[in-house]
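Q: I am new to this structure. Could you take me through it step by step?
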Amino acid sequence: MAESHLQSSLITASQFFEIWLHYDADGSGYLEGMELQNLIQELQQARKKAGLLAHVLPTEENFLLLFRCQQLKSCEEFMKTWRKYDTDHSGFIETEELKNFLKDLLEKANKTVDDTKLAEYTDLMLKLFDSNNDGKLELTEMARLLPVQENFLLKFQGIKMCGKEFNKAFELYDQDGNGYIDENELDALLKDLCEKNKQELDINNIPTYKKSIMALSDGGKLYRTDLALILCAGDN
């Protein structure tokens, strides 16, 4: 079924989801290696030219490409986008927040959609990126929209701490005990993390890590719940 969709000049959002699931064989949220090669080869055969999966969608439905073009100038911009739409600071983008995000995104591109279509796009985004099927997007799930080379969050996945460890670290680096971490305190934390995790983190990239993480802050104040999105793996 997915292969037949590639022969169409335009496909719907739901057909795009079928194509994605078919070629994302390991369910990673990315098309890479043989997955991408298989797609491109079959797309070449079906449509006589290669292209990225997002380009298969008609313009009015190509919100994934719109996001990359308009919101992903840097990891810092991505984090600012998260901060804007996680309006209740729950650490998740929930259904209504996701709808607002997609609506604003399409409006920026001068695209108008009705409520039915908006609901379809919202459902598609959840199907594509809600890996634990809880009906909302975590930061790391939504970060799948980032190109792999831009996704600094991937580097922090392997060094996340349990809740107890994270709280201890937060209190250690919140040197003045004011309940938040400022830019200088974050700098000290990142330097120590880089020293302890040289295979995962590059100390030369600290300025980039810091700018991206501080984009989650409230006027330069990085609270515990904000930093937990990056460094905390859970409650245990």
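Q: How many helices and strands are in the chain?
A: The chain has 13 helices and 4 strands. Please note that this is a predicted model.

Q: And how much of the chain counts as buried?
A: Of its 236 residues, 45% count as buried. The chain exposes about 12,400 Å², and carbon and sulfur atoms supply 47% of that area.

Q: What share of the contacts with a separation of 6 or more comes from residues 24 or more positions apart?
A: Such residues account for 59% of those contacts.

Q: Turning to helices, at what angle do H5 and H6 pack?
A: Helix H5, residues 75–85, packs against helix H6, residues 95–108, at an angle of about 125 degrees. Their axes are 10 Å apart. H5 is therefore oblique to H6, and their crossing is right-handed.

Q: Which residues make that contact?
A: From H5, Thr81, Lys84 and Tyr85 take part; from H6, the residues are Glu97, Asn100, Phe101 and Asp104. By class, the contact comprises 2 nonpolar, 2 polar and 3 charged residues.

Q: Is Ile206 buried or exposed?
A: Ile206 counts as buried because its relative accessibility is 6%, and the cut-off for buried is under 20%.

Q: Which residues is Ile206 in contact with, leaving aside neighbours within four places in sequence?
A: Ile206 is in contact with Asp187, Leu190, Lys191 and Cys194.

Q: How far apart are Ile206 and Ala188?
A: They are 18 residues apart in sequence, and their C-alpha atoms are 10.0 Å apart in space.

Conventions. Residues numbered from 1 in each chain as written. Predicted model: local features only at pLDDT ≥ 70, side-chain atom pairs only at ≥ 80, totals over all residues. Heavy atoms only, no water. Axes fitted to C-alpha atoms, helices over the stretch in contact; angles between N-to-C directions. Helix = DSSP H or I, 4+ residues; strand = E, 2+ residues; numbered from the N terminus. Parallel < 35°, antiparallel > 145°, perpendicular 65-115°, else oblique. Left-handed = near helix turned anticlockwise from the far one by under 90°. Contact = heavy atoms within 4.5 Å. Nonpolar A, V, L, I, M, F, W, Y, C, P; charged D, E, K, R; others polar. Buried < 20%, exposed > 50% of the residue type's maximum accessible area, 1.4 Å probe, protein only. Areas by Shrake-Rupley, 256 points an atom, 1.4 Å probe, with all protein chains shown as cover.
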